[in-house]
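Reader: Let's go through this model quickly. Give me each cut-off once, as it comes up.

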Amino acid sequence: GKGRPATQGFHVDGLLSEVLVVQQAEQVASGCTGFRVWSSALLLANELANTPDMVKGRRVVELGCGCGLTGIVAALRGAFVVLTDRD
């Protein structure tokens, strides 16, 4: 229904299963930038999944993480992650 968040699975190359994130379509449609997965986040998530040495054992802060896809993948690849967003 209207205003309800929706869970969507994203295939990230290099991971064995999809990563599920929550997006809120009406917020995206109204111009809010924090409730969606951007194509750049998916590209970076794919890169991190395929080159885990970039983040393994490191501290990572994702500023403006939105739904957090990239940070989730970094954590799955062994990073110590803090996700931040204004909303």
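**Helix packing**

Reader: Which residues of α2 meet L69, T70, V73 and A74 in α3?
Author: Contact means heavy atoms within 4.5 Å. Helices (H or I, at least four residues) and strands (E, at least two) are DSSP runs, numbered from the N terminus. By those rules, the α2 side of this pairing is A41, L42, L44, A45, L48 and A49.

Reader: What kind of model is this, and what pLDDT do side-chain atom pairs need?
Author: Residues are numbered from 1 along each chain as its sequence is written, and side-chain values use heavy atoms, with hydrogens and water left out. The model is predicted: totals for chains, interfaces and linings use all residues, local features need pLDDT of at least 70, and side-chain atom pairs count only at pLDDT 80 or more.

Reader: How are α2 and α3 oriented to each other?
Author: Axes are lines fitted to C-alpha atoms, for helices over the stretch in contact, and angles run from 0 to 180 degrees between N-to-C directions. The axes of α2 (residues 39-50) and α3 (residues 69-76) come within 8 Å and cross at roughly 5 degrees. Angles under 35 degrees count as roughly parallel, over 145 as roughly antiparallel, 65 to 115 as roughly perpendicular, and the rest as oblique. The two helices, α2 and α3, are therefore roughly parallel.

Reader: What covers the buried residues of α3?
Author: Buried means under 20% relative accessible area, exposed over 50%, partly exposed in between (1.4 Å probe, protein chains only). L69, T70, G71, V73 and A74 of α3 are buried. Their cover includes β1 (6-10), β2 (19-23), α2, β3 (59-62) and β4.

Reader: In what pattern do the helices and strands follow along the sequence?
Author: The chain has three helices and four strands. Read along the sequence, they run β-β-α-α-β-α-β.

**Single residues**

Reader: Why does T70 count as buried?
Author: T70 sits in α3. T70 counts as buried because its relative accessibility is 8%.

Reader: How far apart are the C-alpha atoms of E62 and T84?
Author: E62 belongs to strand β3, and at 15% relative accessibility E62 counts as buried. Beyond four places in sequence, E62 touches G68, T70, G71, V82, L83 and T84. E62 and T84 are 22 residues apart along the chain, yet their C-alpha atoms are separated by 6.1 Å.

Reader: Which residues does N46 touch, not counting those up to four places away in sequence?
Author: N46 is part of helix α2. At 15% relative accessibility, N46 counts as buried. Its contacts on that count are H11, V12 and D13.

Reader: Is C67 buried or exposed?
Author: C67 lies in the loop between β3 and α3. The C-alpha atoms of C67 and V21, 46 residues apart along the chain, are separated by 6.2 Å. With a relative accessible area of 18%, C67 is buried.

**Surface and totals**

Reader: Which residues form a nonpolar patch on the surface?
Author: Patches are made of residues with over 30% relative accessible area and no salt bridge; like charges are joined within 9 Å, nonpolar side chains (Val, Leu, Ile, Met, Phe, Trp, Tyr) within 5 Å. A salt bridge is a side-chain nitrogen of Lys or Arg within 4 Å of a carboxyl oxygen of Asp or Glu. One member, V82 of strand β4 (residues 80-83), counts as partly exposed at 45% relative accessibility. With about 310 Å² of accessible area together, the patch consists of V61, L63 and V82.

Methods
Areas by Shrake-Rupley, 256 points an atom, 1.4 Å probe, with all protein chains shown as cover.
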